[in-house]
Amino acid sequence: MASPSIERSSVGRTSRRTGSGLKYGIAFTAPFMVLYVIFVFYPVLQATWMSLHDWDLLGATRDFIGIDNFERMLWGHDITWSMTHLAVPRLILLAGAIALLIRPLLRRRLTLGVSLGVAGILAIVVALGFHPAQGGFWFDPEFWIALQNTLLFTAISTPLIAALGLVMALALQGNRRGARIYQMVFFVPYILPVSVVTLVWTYFLSPNQGLLAALLEPLGIDPIPWLANPNTAMTAVIVTTVWWTVGFNLVLFSAGLQDVDPALYEAASLDGAGPWRKFVNITLPGIKHVVLLVMVMQVIASFQVFGQVNIMTGGGPGTSTLVLIQHVYEAGFRDFELGYGSAVSLFLFAVMLVVSVIQMRTLGKDDSK
């Protein structure tokens, strides 16, 4: 049996090691934390404070108005709620919520992530029931248009970019000839600035002198004004974004696929598993954390889309491609209403935070436990 003096000495050494490790940990993270507070935490606090004021960009107006900016953003005159408003998309969302619940309920393992996801979908379903009554109006109708366009862009571009990146990574998986060259070729557009990318695609899609119009002319197809037509402008922006960013996800998925043990595929082949079963039971679980990283990063990037829209369409034609970041920019720097622009930016920040948390809780859970 150890003597009390030896035990006290051991405890003292352990305590000193813990204290030393804590000091080194603080020393290593301090520079990052200082930069984080200066460039992230403080701007969020400042935006919150500004959102509660009538804050003029050029003038000296700093009147405290409470939540008036948020009321202007989210409410209107003579707003009502009905069960039948936007019935089709609300039914689709309800079906999605039920689909999320089926497997956890059957397994009797309802996780917090799934609960948050279902709660978020139900909240959207309820919110979509609000609309102006006859003679009513939203205080800021452009906000709702920008929100709808942003959600549409995110809902289409995010799964498309992630899926294409994964498919391309699978196609180049292994020691295929020229795989590294193809990865480099697809990644090159990602290093280009948004101004170069959008100018290239604006010229490419031009109905008068663009390359696409020249390729379609021999087929008897008249030139299409892709960026001047409200029905095709958002599609053009999405295609441009996919071409620009899919190479980055390709690299991430390729790195993740290298960590999957090849022996698992050999064992699955011996058991008679086909390509689809290998993909579902081996590949996807093996790159689960890469999928989470790609989805979270892509959703955040899609919600913050601005450069492509601002240069290619300016939010037009009309408001067909107006997005939330552009609405923030126009409110703050065109209309000089920094308070209202801050309120819209805080709303966007809250939406991205909630969606990211739900993704991490849903995709990041460990099913092996």
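User: Is phenylalanine 139 buried, partly exposed or exposed, and what is its relative accessible area?

Analyst: Phenylalanine 139 is partly exposed, because its relative accessible area is 39%; buried means under 20%, exposed over 50%, and partly exposed in between (1.4 Å probe, protein chains only). This is a predicted model, in which local features need pLDDT of at least 70 and side-chain atom pairs count only at pLDDT 80 or more, while totals for chains, interfaces and linings use all residues. Residues are numbered from 1 along each chain as its sequence is written, and side-chain values use heavy atoms, with hydrogens and water left out.

User: How many aromatic pairs are there in the whole structure?

Analyst: The search finds 14 aromatic pairs. Rings of Phe, Tyr and Trp (its six-membered ring) pair if their centres lie within 6.5 Å; planes under 30 degrees apart count as stacked, over 60 as edge-to-face and the rest as tilted.

User: Why is the pair of phenylalanine 137 and phenylalanine 139 edge-to-face?

Analyst: The planes of the two rings stand at 70°, with the centres 6.2 Å apart, so the pair is edge-to-face. Phenylalanine 137 is partly exposed, at 41% relative accessible area.

User: And what kind of pair do tyrosine 190 and phenylalanine 248 form?

Analyst: That pair is stacked, with 4.7 Å from centre to centre and 15° between the planes. It links distant parts of the chain, 58 residues apart: tyrosine 190 is in the loop between α6 (179-187) and α7 (194-205), and phenylalanine 248 is in helix α9 (residues 233-257). Helices (H or I, at least four residues) and strands (E, at least two) are DSSP runs, numbered from the N terminus. Tyrosine 190 counts as partly exposed at 33% relative accessibility, as does phenylalanine 248 at 22%.

User: Which residues form the aromatic cluster?

Analyst: Trp138, Phe143, Trp144 and Phe347 form one aromatic cluster.

User: Changing topic, how many helices and strands does the protein have?

Analyst: There are 15 helices and four strands. Of the 369 residues, 33% are buried. The C-alpha trace spans about 85 × 60 × 45 Å along its principal axes.

User: What about contacts between residues at least 6 apart in sequence; what share join residues at least 24 apart?

Analyst: The share is 72%, where contact means heavy atoms within 4.5 Å.
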